[in-house]
Each structure stands twice: as structure tokens, then as C-alpha cells.
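Trainee: Please put the structure up, and I will ask about it one point at a time.

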Amino acid sequence: MSQRILNHPVLGTLDESQSITFTFNDIEYKALQDESIAAALLANGIRTLRHHEESGSPRGIYCNIGHCFECRVTVDGVQGQRACLTPITQGMKVSSGGKLLTDVRDWRANHGK
């Protein structure tokens, strides 16, 4: 499992012997216990986590600290979970879920009408 930061000065050290499995969009991947879903997906080469509600454009990890909500995924059937803040667990089922539902609309589209 390359591309992982195993020894972080603030977050500490991840134990490479604590490997677990999870699924993303029905494909099984390996992760390390105590890493975030976002970190596990990045380590497995996955960059697109969902698609924009209106445009359908791909979205991935942006801020990685829970502020932007770009990394929302469905976790064990619960939609809208932030992958950067959610710890991965053995057997977790994660999916992109396609476009997430939202009441937010681009106000500029109706501006001036």
C-alpha cells in the first residue's frame, strides 16, 4: 500500500500491520485501521468521490478538514458522510451514490427575472 503517509508529525503513526478491507462502489479495497475514508480512497488511487448536484462534474477531496463538504459519500447506507472526517472500519460499505440531493440552487440562473 504505497502513497500513504505512515508517520505524520501531528496525527502520529499508522500501523501497517493493521490492514482491513472495505468496499467502494462494490469493489473491495484495503485500508489501514484508524485512517479516514478519504485517506484510504486516495491510497487506493480513487480521486472521484461523488458528482456535483447540478452540473454532474466529478468531485473529490478538496480541503480534507471537514469545511467544504466536497468529499461526501454514502457510508453503510447513510448519505452525505464526509470522507475526510469518517474513520474507516472493517467491512464498511462506501459508495459515491452519484448526485446527492440538495435544495441548493444557483440563484444566478434566475437573477434579473
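Trainee: Is Cys63 buried, partly exposed or exposed?

Mentor: This is a predicted model. Buried would need a relative accessible area under 20%, and exposed one over 50%. Cys63 has a relative accessible area of 25%, so the label that applies to Cys63 is partly exposed.

Trainee: How many disulfides does the structure hold?

Mentor: A disulfide is a covalent bond between the sulfur atoms of two cysteines. To count here, two cysteine sulfur atoms must lie within 2.5 Å. For Cys63 the nearest cysteine sulfur is that of Cys68, 3.7 Å away, and Cys63 is in no disulfide. Cys68 is in no disulfide either, and the number in the structure is 0.

Trainee: What is the relative accessible area of Cys68?

Mentor: Cys68 is classed as partly exposed. That class lies between the limits of 20% and 50%. The value for Cys68 is 26%.

Trainee: Over how many bridges do strand 7 and strand 8 pair?

Mentor: Strand 7 covers residues 72-75, and its pairing with strand 8 is antiparallel. Arg72 stands opposite Arg82 in strand 8, and Val73 has Gln81 as its bridge partner there. The number of bridges between strand 7 and strand 8 is 3.

Trainee: Which residue in the turn between strand 7 and strand 8 has a positive phi?

Mentor: Strand 7 and strand 8 form a hairpin, with 2 residues between them. The phi in question is about 45 degrees, and the residue is Asp76.

Trainee: What is the bridge partner of Thr74 in strand 9?

Mentor: Strand 9 (residues 93-95) and strand 7 pair in the antiparallel sense over 2 bridges. Thr74 and Arg72 point one way from strand 7, while Val73 and Val75 point the other way, and all are buried. The bridge partner of Thr74 in strand 9 is Ser95.

Trainee: Is the aromatic pair of Phe22 and Tyr29 stacked, edge-to-face or tilted?

Mentor: A search of the whole structure finds 1 aromatic pair. Phe22 and Tyr29 form an aromatic pair with ring centres 5.9 Å apart and 35 degrees between the planes. Stacked needs planes under 30 degrees apart and edge-to-face over 60, so this pair is tilted.

Trainee: Which element gives the most to the largest nonpolar core?

Mentor: The largest nonpolar core has 19 residues, and Phe22, Ile37 and Ile88 have the most contacts inside it. At least two of its residues come from each of strand 3 (19-24), strand 4, helix 1 (37-43) and strand 7. With 4 residues, the element that gives the most is helix 1.

Trainee: Which residues does Ile88 touch, not counting residues up to four places away in sequence?

Mentor: Ile88 is among the residues with the most contacts inside the largest nonpolar core. With residues up to four places away in sequence left out, Ile88 touches Ile20, Phe22, Ala31, Leu32, Gln33, Glu35, Ser36, Ile37 and Ala40.

Trainee: What is the relative accessibility of Asp26?

Mentor: Asp26 is in the loop between strand 3 and strand 4. Its phi is positive, about 70 degrees, although Asp26 is not a glycine. Asp26 counts as exposed because its relative accessibility passes the limit of 50%; the value is 78%.

Trainee: What is the value of phi near which Phe69 lies?

Mentor: Most residues other than glycine have a negative phi. Phe69 is in the loop between strand 6 (58-59) and strand 7, and is partly exposed with a relative accessible area of 38%. Phi of Phe69 is positive, and the value is near 65 degrees.

Technical notes: Residues numbered from 1 in each chain as written. Predicted model: local features only at pLDDT ≥ 70, side-chain atom pairs only at ≥ 80, totals over all residues. Heavy atoms only, no water. Pairing = 2+ DSSP bridges. Buried < 20%, exposed > 50% of the residue type's maximum accessible area, 1.4 Å probe, protein only. Phe/Tyr/Trp six-rings, centres within 6.5 Å; stacked < 30°, edge-to-face > 60°. Core = buried A, V, L, I, M, F, W, Y, C linked by side-chain atoms within 4.5 Å. Contact = heavy atoms within 4.5 Å.
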